[in-house]
There are 2 protein chains.
Amino acid sequence: MKKVDILELKETILENNDADADLLREQLKKQKTFYLNVMSSPGSGKTSVLLKTLEGLKNNYRVGVMEADIDSDVDALKIADAGFPSIQLHTGGMCHLDADMSRQGLRKIGVNIPEDTETETEKSETTEHLDAVILENVGNLVCPAEFDTGAVRNVVILSVPEGDDKPAKYPLIFQKCEVVLVNKIDTLPVFDFDFERLKKDIYALNPNAVILPLSAITGEGVENWCEWLAAEIDKWNK
Amino acid sequence: MKKVDILELKETILENNDADADLLREQLKKQKTFYLNVMSSPGSGKTSVLLKTLEGLKNNYRVGVMEADIDSDVDALKIADAGFPSIQLHTGGMCHLDADMSRQGLRKIGVNIPEDTETETEKSETTEHLDAVILENVGNLVCPAEFDTGAVRNVVILSVPEGDDKPAKYPLIFQKCEVVLVNKIDTLPVFDFDFERLKKDIYALNPNAVILPLSAITGEGVENWCEWLAAEIDKWNK
């Protein structure tokens with residue numbers, strides 16, 4: 001296996017994370033780098049979905065991945081082994097990332113964000129331009145929803161085995177996203193999962209949500225998702 | 001469906017949660033009430049496992065359930081519909097419970113804890129003695145591990161679809177428990193899940209962990225788990 005850079009994130013003490021998230025989006029817009037925040041429970045298949053996504057985009061975009069985790073670097077190694085730019089972010093026990101922690105990671109993976117903010121971070125080690133960076137947020141349906149990471153778009157991955165009742169139980173995260181990817185649809189035959197109920201519950205919380213079923217194992221639905229994402233990257237970076 | 005009591009928890013401002021958790025255990029010991037903290041990801045099947053557990057214990061013990069959730073009361077309703085004492089705890093957006101929040105819930109569900117602590121809580125509405133109370137903690141593998149709820153024993157439920165790599169990624173919660181229930185083992189044929197790897201990783205973090213495979217759907221393994229729990233209740237309440 002390859003080695004990946006591990007960045008130990010510094011806790012942010014900014015008073016206004018929302019304003020800092022807006023500033024980060026401005027900085028990314030100037031650099032023509034799209035930033036996607038991927039949130040889910042532990043075990044929903046984030047890393048597998050990301051690998052399929054990177055494959056689907058690689059002919060047209062250079063995309064890097066930041067894997068956030070309490071500990072370990074298993075996810076970043078999987079991405080690096082597949083040949084994509086990848087770093088591991090360690091949150092030091094924290095259950096979420098905010099905009100400034102995002103910025104520390106984005107600099108480390110190679111996005112050229114000027115040092116006009118309060119945070120000192122490690123300098124980028126690469127200069128090749130990234131069209132998009134994907135953050136695999138900490139596996140958690142609660143805390144990540146409460147902090148704007150500065151991402152341009154936010155995705156929730158919900159997998160079939162977790163059950164169709166998650167929007168009722170974790171409403172905020174389904175309100176704070178633009179897309180819900182319903183992963184592991186190849187396992188629908190073995191679970192009691194009501195897709196229509198799920199859609200109804202999501203639309204009740206978030207009428208504009210885009211709901212896309214897919215399976216990172218069989219590849220079903222991956223093309224639809226990559227098309228949606230490519231269009232968003234093009235809009236942001238034009 | 002029945003109606004269940006919903007308790008909006010007050011945030012605790014105690015400086016020393018660990019000491020308060022020890023105090024809560026003393027209070028429970030005096031009342032001969034065992035307290036079990038159940039932690040897991042969203043969608044691991046906590047509520048289904050609890051229903052099987054309550055069925056398995058009902059002939060010998062009176063057991064109540066506190067369902068903690070950010071929002072909604074779907075889980076408490078399921079338990080109440082099955083005929084067991086149940087209340088819903090709302091954490092007001094918080095991602096975990098501490099000992100004092102536990103105590104607020106325990107009083108509400110009917111455990112007679114004297115008012116010698118700093119918190120004012122609603123009085124119990126029932127006087128029938130509970131041999132055990134089970135807390136279904138917020139679905140989250142990160143934050144609940146960081147706070148001692150005052151429970152006598154702590155259980156993590158990990159379901160097969162979540163993957164065998166969870167101990168590597170969320171080590172603290174696997175260190176802070178006495179039992180790991182590996183749920184949904186009926187789905188082993190459709191997932192790439194290495195049970196031996198899982199056991200090795202858990203034992204590396206927590207050599208004394210008890211690892212019990214089960215399926216809340218087929219009932220396999222439920223008896224073993226109920227036997228373990230009954231023995232722990234007997235030890236505590238003797």
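Mentor: Let us begin with a definition: a crossing of two helices is right-handed if the near helix is turned clockwise from the far one by less than a right angle, and left-handed if anticlockwise. Please keep in mind throughout that this is a predicted model.

Trainee: What is the handedness of the crossing where H2(A) passes H3(A)?

Mentor: H2(A) passes H3(A) in a right-handed crossing. In chain B, the crossing of H2(B) and H3(B) is right-handed as well.

Trainee: Why is H2(A) called roughly parallel to H3(A)?

Mentor: Helix H2 (residues 46-57) and helix H3 (residues 74-81) of chain A pack at an angle of about 20°, and their axes are 10 Å apart. Angles under 35 degrees count as roughly parallel, and therefore H2(A) is described as roughly parallel to H3(A).

Trainee: Which residues make the contact between H2(A) and H3(A)?

Mentor: H2(A) contributes A:Thr47, A:Leu50, A:Leu51 and A:Leu54, while H3(A) contributes A:Asp75, A:Lys78 and A:Ile79. By class, these residues of the contact divide into four nonpolar, one polar and two charged.

Trainee: At what angle do helix H2 and helix H3 of chain B pack?

Mentor: Helix H2 (residues 46-57) and helix H3 (residues 74-81) of chain B pack at about 20°, with 10 Å between their axes. That makes H2(B) roughly parallel to H3(B). Here B:Thr47, B:Leu50, B:Leu51 and B:Leu54 of H2(B) meet B:Asp75, B:Lys78 and B:Ile79 of H3(B).

Trainee: What makes H1(B) and H4(B) roughly parallel to each other?

Mentor: The axes of H1(B) and H4(B) cross at roughly 30° and come within 8 Å. With the cut-off at 35 degrees, H1(B) and H4(B) are therefore roughly parallel. The residues that make this contact include B:Leu24 and B:Leu28 of H1(B) and B:Arg103 and B:Leu106 of H4(B). Sorted by class, the contact has six nonpolar, three polar and three charged residues.

Trainee: How do you know that helix H4 of chain B is mostly covered?

Mentor: One counts its buried residues: in helix H4 (residues 99-109) of chain B, 11 of its 11 residues are buried. Among them are B:Asp100, B:Arg103, B:Arg107 and B:Lys108. What covers the buried residues of H4(B) includes strand E1 (5-8), H1, E2 and strand E3 (63-69) of chain B.

Trainee: How many residues of helix H4 of chain A are buried?

Mentor: Helix H4 (residues 99-109) of chain A has 11 of its 11 residues buried. Those residues pack against elements of chain A including strand E4 (86-90) and strand E5 (132-136).

Trainee: Why is A:His90 counted as buried?

Mentor: Buried means under 20% relative accessible area. A:His90 has 9% relative accessibility, so A:His90 counts as buried. A:His90 is placed in strand E4 of chain A, and its contacts beyond four places in sequence include A:Ile6, A:Glu8, A:Asp69 and A:Asp71.

Trainee: What makes A:Met39 buried?

Mentor: A:Met39 has a relative accessible area of 1%, so A:Met39 is buried. A:Met39 lies in strand E2 of chain A. Between A:Met39 and A:Pro144 there are 105 residues in sequence, but 7.2 Å in space from C-alpha to C-alpha. A:Pro144 is also one of the residues that A:Met39 touches, along with others including A:Asn137 and A:Ile173.

Trainee: What is the phi of A:Lys32?

Mentor: A:Lys32 has a positive phi of about 55°, although it is not a glycine. Most residues other than glycine have a negative phi. In chain B, phi of B:Lys32 is near 55°, also a positive value.

Trainee: Which residues touch the most other members of the largest nonpolar core?

Mentor: Of the 150 residues in that core, they are A:Tyr35, A:Trp225, B:Tyr35 and B:Trp225. The contacts of B:Trp225 beyond four places in sequence include B:Leu36, B:Val49, B:Val179 and B:Leu214.

Key
Residues are numbered from 1 along each chain as its sequence is written. Chains are lettered from A and ligands numbered from 1 in the order in which they are written. This is a predicted model: local features need pLDDT of at least 70, side-chain atom pairs count only at pLDDT 80 or more; totals for chains, interfaces and linings use all residues. Side-chain values use heavy atoms; hydrogens and water are left out. Axes are lines fitted to C-alpha atoms, for helices over the stretch in contact, and angles run from 0 to 180 degrees between N-to-C directions. Helices (H or I, at least four residues) and strands (E, at least two) are DSSP runs, numbered from the N terminus. Angles under 35 degrees count as roughly parallel, over 145 as roughly antiparallel, 65 to 115 as roughly perpendicular and the rest as oblique. Contact means heavy atoms within 4.5 Å. Ala, Val, Leu, Ile, Met, Phe, Trp, Tyr, Cys and Pro count as nonpolar, Asp, Glu, Lys and Arg as charged, and the others, Gly among them, as polar. A nonpolar core is a set of buried Ala, Val, Leu, Ile, Met, Phe, Trp, Tyr and Cys residues joined through side-chain atoms within 4.5 Å. Buried means under 20% relative accessible area, exposed over 50%, partly exposed in between (1.4 Å probe, protein chains only).
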